[in-house]
Amino acid sequence: MHMADALISPAVGGAMLAVTAGLAVYSASKVKEEMDEKKIPLMGVMGAFVFAAQMINFTIPATGSSGHIGGGILLAILLGPYAGFLTMASVLLIQALFFADGGLLAYGCNVFNLGFWSCFVAYPLIYRWFTRKGLSARNISWGAIIGVVVGLQLGAFSVVLETLASGKTELPFSTFVLLMQPIHLAIGLVEGLITAAVVTFVWKARPEILAKTAIGAALGNLSLRKVLTALTIAVVLVGGGLSWFASANPDGLEWSMERVAGTAELEAPEGIHQSLADLQERTAFLPDYSFKSSDEEVGSVTVEETQASWPAVDAGTSVSGLVGGALTLGLAALIGLVISRSRKKAGSITAENAV
Amino acid sequence: MSHHRVEVRDLYFSYPDGHEAIRNMSFSIYHGESVGIIGANGAGKSTLLMLLMGILFPDGGEIVVGDTRLTRKTMTMIRQRLGMVFQDPDDQLFMTTVRDDVAFGPRNFGLEEAEVEMRVEEALAQVGIPHLIDRAPFKLSGGEKRAAAIATVLSMKPDILIMDEPTSSLDPKSRRRVMELLKTFEHTKIITSHDLDMVLETCQRVIVISNGAVAADGNAVNILSDPELLDRCGLEMPLSLQNCPHCGCSKLSRDRF
Amino acid sequence: MQNSLHQMRLLDELARRPNSINNLHPLTKLLTTLAYLVVVVSFGRYEISALLPLVFYPVILLAFTDLPIGEIMKRIGWTLPFIIGLGIFNPLFDHQTVSVLGFSISQGWLTFLSIFIKCVLTVAAGVLLIATTGMDKLGSALRMLRVPKIFVLQLLLTYRYISVLGNELARMLRAYSLRAPGHKGIKREAWGSFTGNLLLRSFDRAQRVYAAMCLRGFSGDYHAGRMNPPERREMIFILGWLAFFIAARIYDLPAWLGSLLTGVIS
């Protein structure tokens with residue numbers, strides 16, 4: 001579920017980075033305010049724990065496949081929402097840097113998708129609600145399972161929105177949603193069960209660990225109002241960023257369709273396109289609507305330039321473009337080889353001199 | 001100098017689950033002494049160390065370091081004078097380079113960066129690993145970690161060194177190195193250990209803890225060559241003092257010290 | 001698990017070698033990488049050859065640092081499945097066709113190729129960043145960007161303890177597998193206890209680390225130590241690359257190059 005850089009646009013990436021940065025600064029100040037900076041070593045070690053725990057293969061009975069843990073809600077349960085959010089953010093950063101699990105530009109999106117929903121929505125609104133009357137194996141389990149499932153659904157849906165808003169993929173909204181949500185429902189169920197098992201175990205073995213956060217000492221006053229405020233800000237930022245792009249094209253989507261197709265509606269050719277188009281028609285809630293980015297006007301080789309030569313889109317697929325492309329690649333490889341060879345030679349020369 | 005003195009007076013401590021870990025413990029440790037604190041597992045050694053460092057607070061009695069009573073208010077000041085080396089060096093090496101770990105203490109004292117760097121180099125030289133200054137802790141061997149952990153405490157220039165099982169899990173050469181290192185320190189040393197041979201070599205005085213109370217307090221050789229006393233406290237004699245495995249003759253009969 | 005630890009160790013080691021790129025100020029590399037990512041990702045979905053000149057950045061950096069290209073390839077490989085999974089829909093759903101050298105293919109293939117190239121470039125840039133900078137220097141760079149101290153310190157702690165906990169987990173998994181031969185993972189009955197045990201051990205370790213930190217004067221504040229201010233060569237590095245990125249973004253360099261060549265020939 002980690003988003004890669006290649007699938008997002010700078011607008012979406014930048015907006016989400018801003019949102020995440022804001023949340024992080026807010027969380028850090030809350031942690032400090034509540035004197036929970038003493039928690040920092042706990043946050044660090046728990047972050048390492050989640051990282052390690054994500055590697056554990058949990059065998060799902062009767063299927064033979066294995067499930068894994070994400071960790072957002074678990075961290076929130078153990079550390080409180082603010083510290084949990086920051087910890088999740090650091091785990092994701094390490095994953096992005098060392099394993100390319102999630103891009104750097106997409107980091108903001110990933111922290112939001114995997115951290116915000118679990119720590120600031122699912123934890124306070126679901127888990128805490130279930131355990132409001134006190135901790136018991138039942139409350140914990142239900143709270144964890146439903147919390148994780150909801151958190152993951154929201155996260156998955158965010159991925160859909162972010163990807164489509166970036167406009168790098170042709171996938172229609174409905175199909176995308178139908179793909180993402182059920183898969184993450186299953187993933188969420190498994191993760192929820194695992195989380196429930198772990199939290200229950202901890203609660204039975206060392207209840208004082210959970211008691212600290214259950215009292216709400218570290219929770220502060222996370223009200224629904226604040227959550228909604230944060231969400232609204234996020235939506236405004238993202239929406240604002242995108243509409244800035246869209247406003248350059250007065251009619252937005254209809255416009256791009258018309259210029260590309262010459263007609264406002266496309267006729268689908270036969271074969272797989274036909275069946276997919278039928279599927280799309282049947283499942284779409286918004287049948288005539290499919291997100292397309294309007295970043296065409298930013299690039300140098302744009303659709304409008306070649307309108308006269310429709311349907312051929314000049315994406316550098318003309319001869320000169322291809323030749324130039326090949327030359328560029330060749331040049332890059334050559335320069336790279338030359339540099340590394342000369343460095344190796346210089347290295348061996350100095351080695352000889354040293355001897 | 002009085003500020004190197006550690007006094008424990010009528011100390012009592014129980015854990016939340018009711019277990020009485022320390023019962024009416026009293027002793028004094030003077031400037032420059034090397035004291036080994038020994039006892040069976042669960043006797044209260046670790047608890048005592050935590051009380052000395054102010055990680056736990058006693059239910060009764062008091063701890064006086066120099067002329068200052070250990071309270072929540074005086075804790076920070078006293079901790080500048082006591083340096084504790086943990087049993088597991090990984091708990092103490094929490095930064096990403098050895099340099100940052102050794103510098104952690106001095107930096108928290110607010111020292112100038114130039115002074116910090118000097119202290120770091122000094123401390124690492126003292127423990128014999130100046131070349132590891134930029135190494136990441138996960139790349140250190142057991143002995144190197146132990147040395148680095150000691151350096152992290154040395155850089156704070158404490159008057160009193162407290163060490164929890166300094167030779168545990170070390171291979172023989174590393175153990176020997178740590179022991180030689182300990183012998184060079186002029187600080188007041190309080191060492192807990194199961195390694196009775198090491199205690200015999202490095203400490204002049206031994207306090208035996210049994211069931212949360214002081215069972216014996218005196219000269220190291222005397223206590224460690226008293227098999228009945230040691231047996232009563234759940235211990236046995238150091239291997240170097242036990243009867244020769246070949247001929248069975250007692251090593252105590254010879255004048256070793 | 002061991003594999004992941006090994007990966008992290010490897011990258012950390014690579015970053016510690018002294019060479020011209022590694023010695024650069026971490027903030028320089030961070031900002032250049034971010035600028036690169038923004039530029040790469042900002043290319044339109046149909047621009048392919050215009051995108052290609054940006055390959056110079058990773059190639060040149062690679063050449064100067066002797067980074068094993070396999071590390072980059074590996075990570076591209078890990079990222080590709082999801083990208084391909086989503087991207088493959090492009091040729092299927094895009095009903096426009098385009099003619100390439102006389103063949104008529106779905107436009108979606110172009111966008112797919114575009115995504116693919118962007119994936120390669122962005123992953124390469126990310127790997128280059130961490131493999132030339134290392135985590136602790138990156139932490140200092142983040143501090144310079146005014147990222148909250150709490151976050152940076154706990155990021156470094158997380159990084160530090162991943163290897164410790166990873167080894168503990170490896171031992172636990174080994175012990176488990178010796179008593180559950182043939183099992184590929186933790187079975188349902190042990191989900192809670194196995195993970196819970198690791199959690200409790202981690203929790204206890206955190207307490208000890210906290211004690212160790214307090215005993216050395218920790219009170220919540222984090223002092224990072226001195227960081228050399230950026231030198232002039234850093235500015236040259238950033239500005240030089242930035243100029244190149246922008247030029248490559250605005251002008252379709254390969255097309256120009258190609259037309260030069262074809263113009264010469266014809």
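Of the 266 residues in chain C of this predicted model, 52% are buried. Along the principal axes, the C-alpha atoms of chain C occupy a box of roughly 75 × 55 × 30 Å. Chain C contains eleven helices and two strands. Their order along the sequence is α-α-α-α-α-β-β-α-α-α-α-α-α. Contacts in chain C were also sorted by sequence separation. Among those between residues at least 6 apart, 77% join residues at least 24 apart.

Chain C touches chain A through 107 of its residues, which meet 101 residues of chain A. Helix 9 of chain C, spanning residues 191–215, gives the most to this side, with 15 residues. By class, the side of chain C that touches chain A comprises 64 nonpolar, 32 polar and eleven charged residues.

Chain B holds an open sheet of six strands. The strand order is 6-7-8-3-9-10, and the pairing is mixed. Strand 6 (82–85) and strand 10 (213–219) of chain B form the edges, each pairing on one side only. From one strand to the next, the twist averages 15°. Within this sheet, strand 3 (residues 34–39) and strand 9 (residues 205–210) of chain B are parallel and share five bridges. B:Gly39 has B:Ile209, in strand 9 of chain B, as its bridge partner. Helix 1 of chain B (residues 45–53) lies across strand 3, strand 6, strand 7 (160–164), strand 8 (188–192) and strand 9 of chain B. Helix 1 of chain B runs at about 150° to strand 7 of chain B.

Notes. Residues are numbered from 1 along each chain as its sequence is written. Chains are lettered from A and ligands numbered from 1 in the order in which they are written. This is a predicted model: local features need pLDDT of at least 70, side-chain atom pairs count only at pLDDT 80 or more; totals for chains, interfaces and linings use all residues. Two residues are in contact if their C-beta atoms, placed from the backbone, lie within 7 Å. Helices (H or I, at least four residues) and strands (E, at least two) are DSSP runs, numbered from the N terminus. Ala, Val, Leu, Ile, Met, Phe, Trp, Tyr, Cys and Pro count as nonpolar, Asp, Glu, Lys and Arg as charged, and the others, Gly among them, as polar. Two strands pair if DSSP finds at least two bridges between them. Axes are lines fitted to C-alpha atoms, for helices over the stretch in contact, and angles run from 0 to 180 degrees between N-to-C directions. A residue is buried if 20 or more other C-beta atoms lie within 10 Å of its own, exposed if 12 or fewer, and partly exposed in between; C-beta atoms are placed from the backbone.
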